[in-house]
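Let's take a walk through this model and see how its two ligands are held. Have the structure open as you read.

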Amino acid sequence: MKHRNNLFIALEGIDGSGKSTQTKLLTEQLTNQGHKVYSTFEPTNNQIGKLIRDILKGNTKADYRIIAGLFVADRLDHLLNEEYGIVKKLAEGYTVIMDRYYFSSYAYQGAHMDIDWVIQANAMSASILRPDVNIFIDVAPEISMQRLHANRDTIELFETLDNLKLVRSKYMEAFEKLKGDEYIYSVDGNRTPELIAGDIWQKVASMLT
Ligand SMILES: Nc1ncnc2c1ncn2[C@@H]1O[C@H](COP(=O)(O)OP(=O)(O)O)[C@@H](O)[C@H]1O
Ligand SMILES: Cc1cn([C@H]2C[C@H](O)[C@@H](COP(=O)(O)OP(=O)(O)O)O2)c(=O)[nH]c1=O
């Protein structure tokens, strides 16, 4: 395991698993400890990410293979953009927290097509930047659906119980396939935000110099 002053951390999980909540708590914790933090998310709010969100809302129709390709393109821009790219942010000494990265594609696009194809399609991103740790917030699909319905007006394309169950199983399949290449830390997300944040902080702190 790497011990560094600034890390590249990816948070993963099904919809409603608490990634945004934990990104916020981890950002606060790291900032309090004096780290420079850049927290960001995929799909992005940039041009390709906006097109993806439009498709997810059902406003624009696109074949699932095109959606997979758009996520690849959005991710490469997110890494390489000269203004806001993550490669640049890491070089500037920021710890980068990503709310979703390529494991989201393996799980969500892998639910609709050959997972090995999705992994291949993302090989360039993986060769540019692998997270120091992929943190998987593991929540029962039934619980995350309850959270989404309690807190949201709109439910997106992938947010049905059957799909969340399928996506969770695809995360597991991808973790198993890539366990030799990737560092994966799974945390029980069926608890209070504070308990989950405590486990995540312990893990991250143990990786920092
Ligand atoms: N551990 C938790 N227990 C109960 N509710 C939670 C927990 N974590 C987040 N929530 C709530 O569930 C909803 C989804 O959480 P969010 O952090 O937005 O998840 P994600 O980013 O993974 O979709 C939000 O309304 C949030 O306040
Ligand atoms: C990054 C990524 C997200 N997605 C999907 C997962 C989500 O359903 C949707 C939007 O992501 P997000 O805004 O993170 O939703 P949530 O906060 O509910 O988790 O995009 C993919 O299908 N593939 C990807 O590579």
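## Around ligand 2

Sort the shell around ligand 2 by residue class and you get 5 nonpolar, 3 polar and 9 charged residues. Keep in mind that this is a predicted model.

So who is in that shell? Ligand 2 has 17 residues around it, and Asp15, Arg100, Ser105, Gln109 and Arg152 are the closest of them. For Asp15, an N or O atom of the side chain is 2.7 Å from an oxygen atom of ligand 2. The side chain of Arg100 likewise has an N or O atom 2.7 Å from a ligand 2 oxygen. With Arg75, the side-chain N or O atom is 2.9 Å from an oxygen atom of ligand 2. How much of ligand 2 does the protein cover? On its own, ligand 2 has 550 Å² of accessible area, and the protein covers 92% of that.

Which elements give two or more residues to this shell? They are helix H2 (47-56), helix H3 (64-80) and helix H5 (102-108). H5 has the largest share, with 3 residues. As for the space itself, the one taken by ligand 2 is the largest pocket.

## Over to ligand 1

Ligand 1 also sits in the largest pocket. It has 13 residues around it, with Gly16, Lys19, Ser20, Thr21 and Arg191 coming nearest. By class, the ligand 1 shell splits into 3 nonpolar, 7 polar and 3 charged residues.

For ligand 1, look at the backbone. Gly16 has a backbone N or O atom 2.9 Å from an oxygen atom of ligand 1. At Ser17, a polar backbone atom is 3.2 Å from a ligand 1 oxygen. Arg191 brings a backbone N or O atom to 2.8 Å from a nitrogen atom of ligand 1.

Helix H1 (19-32), helix H8 (141-151) and helix H10 (193-207) each put at least two residues into the ligand 1 shell. The largest share is 3 residues, and H1 supplies it.

| Residue and its atom | Ligand and its atom | Distance |
|---|---|---|
| Gly16, backbone N or O | ligand 1, oxygen | 2.9 Å |
| Ser17, polar backbone atom | ligand 1, oxygen | 3.2 Å |
| Arg191, backbone N or O | ligand 1, nitrogen | 2.8 Å |
| Asp15, side-chain N or O | ligand 2, oxygen | 2.7 Å |
| Arg75, side-chain N or O | ligand 2, oxygen | 2.9 Å |
| Arg100, side-chain N or O | ligand 2, oxygen | 2.7 Å |

## Ser20 and its partner

Ser20, one of the residues that come nearest to ligand 1, belongs to helix H1. What does its side chain meet? A polar contact of 3.4 Å links it to the side chain of Asp99. Ser20 and Asp99 are 79 residues apart along the chain, yet their C-alpha atoms are separated by 6.6 Å.

## A ring pair in H5

Back to helix H5 for a last stop. The model has 11 aromatic pairs. Why does Tyr102 with Tyr106 count as stacked? The ring centres are 5.5 Å apart and the planes of Tyr102 and Tyr106 lie at 20°, so the pair falls under the 30 degrees cut-off for stacking. The two tyrosines, Tyr102 and Tyr106, are separated by about one helical turn, because they are 4 residues apart in helix H5.

Conventions: Residues are numbered from 1 along each chain as its sequence is written. Chains are lettered from A and ligands numbered from 1 in the order in which they are written. This is a predicted model: local features need pLDDT of at least 70, side-chain atom pairs count only at pLDDT 80 or more; totals for chains, interfaces and linings use all residues. Side-chain values use heavy atoms; hydrogens and water are left out. A residue is near a molecule or strand if one of its heavy atoms lies within 4 Å of it. A polar contact is a pair of N or O atoms within 3.5 Å; within protein, one must be able to donate a hydrogen and the other to accept it, and residues adjacent in sequence count only if both atoms are side-chain atoms. On a 1 Å grid over the protein atoms alone, a cavity is a set of points where a 1.4 Å probe fits but cannot get out, and a pocket is an open set with protein on both sides within 12 Å along at least five of seven lines; lining residues have an atom within 4 Å of a point. A molecule sits in a cavity or pocket if more than half of its atoms lie within 2 Å of its grid points. Ala, Val, Leu, Ile, Met, Phe, Trp, Tyr, Cys and Pro count as nonpolar, Asp, Glu, Lys and Arg as charged, and the others, Gly among them, as polar. Accessible areas come from the Shrake-Rupley method with a 1.4 Å probe; for residues, only the protein chains shown count as cover. Rings of Phe, Tyr and Trp (its six-membered ring) pair if their centres lie within 6.5 Å; planes under 30 degrees apart count as stacked, over 60 as edge-to-face and the rest as tilted.
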